[in-house]
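Look at the fold first, then read on.

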Amino acid sequence: MKVLVPVKRVVDANVKVRIKPDGSGIDLTNVKMAVNPFCEIAIEEAVRLQEAGVATEVIAVSVGGSNCQEQLRTCLALGADRAILVQTETEAQPLAVAKILKAVYDREQPGIVIFGKQSIDGDNGQTGQMFAALTGLPQGTFASNLSVTDGKAEVVREVDGGLQTVMLSLPAVVTTDLRLNEPRYASLPNIMKARRKPLDVTTPEELGVDAAPRFEFLSVEPPPGRSAGIKVESVEELVDKLRNEAKVIE
């Protein structure tokens, strides 16, 4: 069984992002980039399925510019067998990415597709669900546990009220939550081996997909700074300030 894992190139989680002076977006000049942390969890889970003898091949796929090859090589060093880059300089928005991934899915026919639940830049949390809708596959989102046996995937989902367990017939879509696993570090020998693993490059046009953006950002601005806190002398004073100054209670 093949496992397909979409991954995204994002600003490293430890970097403080800067807004461009004109407010048109994020300044990426000389900024460290990395594999989206939730996508790392997805890669780790796919590799674990392969180590358990459930999966036979792990394929990492990314949509973006040629610089995404760096993150795909990282996925190969973490245990993926091969990678696919759908190269486009157009901004890849969730619906376009989902359509592109459907075209890749139709070519590869994997038994399971494992997404990170969201990217840490856009925070949309949409692509996995859109992909499942386009392909008509069952989906288990926000997974904190995954087991695959006898052509079915049991997914424990993190929901507002606690945990929900769903059973999916394969092929299926899973999106990973933080508590699913802890990704491994790439060893130096595996980093060297990753250079020799296959990485295929294609384009949305070759896949027959229109990747044109459907919306545009009008402006980007940092959140307002937090004002200093204050101390109150009594519960009555606290309630008064919450009601009359903060206006969060009536």
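What share of the contacts in the protein chain with a separation of 6 or more comes from residues 24 or more positions apart? They account for 69% of those contacts. Contact means heavy atoms within 4.5 Å.

## Model and overall fold

This is a predicted model, in which local features need pLDDT of at least 70 and side-chain atom pairs count only at pLDDT 80 or more, while totals for chains, interfaces and linings use all residues. Residues are numbered from 1 along each chain as its sequence is written, and side-chain values use heavy atoms, with hydrogens and water left out.

The protein chain has seven helices and 13 strands. Helices (H or I, at least four residues) and strands (E, at least two) are DSSP runs, numbered from the N terminus. The C-alpha trace spans about 65 × 45 × 40 Å along its principal axes. Of the 250 residues, 41% count as buried. Buried means under 20% relative accessible area, exposed over 50%, and partly exposed in between (1.4 Å probe, protein chains only).

## Nonpolar cores

A nonpolar core is a set of buried Ala, Val, Leu, Ile, Met, Phe, Trp, Tyr and Cys residues joined through side-chain atoms within 4.5 Å. The largest has 37 residues. Val3, Val5, Val7, Ile43, Ile114 and Leu146 touch the most other members. Helix α1 (residues 37–51) gives the largest share of this core, eight residues. Apart from it lies another core, of 23 residues, including Val61, Ile84, Tyr105 and Val113.

Leaving out residues up to four places away in sequence, Val5 touches Cys39, Ala42, Ile43, Ala46, Val58, Ile59, Ala60, Val61 and Ile114.

## Helix α2

Leu76 sits in helix α2. Its relative accessible area is 0%, so Leu76 is buried. Beyond four places in sequence, Leu76 touches Asp81, Arg82, Ala83, Ala194, Lys197 and Pro198. The buried residues of α2 are Gln71, Leu72, Cys75, Leu76, Ala77 and Leu78. Just after α2, Gly79 takes a positive phi of about 130°.

## Second largest pocket

On a 1 Å grid over the protein atoms alone, a pocket is an open set of points where a 1.4 Å probe fits, with protein on both sides within 12 Å along at least five of seven lines; lining residues have an atom within 4 Å of a point. The second largest pocket has a volume of about 240 Å³, taken as the space filled by probe spheres set on the points. Its lining has 14 residues, of which Asp12, Met33, Ala34, Val35 and Glu40 are the closest to its centre.

β2 (9–11), β5 (33–35), α1 and α2 (69–78) each supply at least two lining residues. By type, the lining divides into eight nonpolar, three polar and three charged residues.

## Strand β9 and its partners

Strands pair if DSSP finds at least two bridges between them. β9 (residues 139–149) pairs with β12 (residues 172–176) in the parallel sense, over three bridges. Here Gln139 stands opposite Val173. β9 also pairs with β10 (residues 152–159), in the antiparallel sense, over six bridges. Asn145 stands opposite Val156 in β10. The hairpin of β9 and β10 has two residues between the strands, and Asp150 takes a positive phi near 50° there.

## Backbone exceptions

The peptide bond from Leu170 to Pro171 is cis, with omega near 0°. Pro171 is in the loop between β11 (162–169) and β12.

Gln109 is not a glycine, yet has a positive phi of about 50°. Gln109 lies in the loop between α3 (94–108) and β8 (112–116). At 49% relative accessibility, Gln109 counts as partly exposed.

How values were computed
Nonpolar A, V, L, I, M, F, W, Y, C, P; charged D, E, K, R; others polar.
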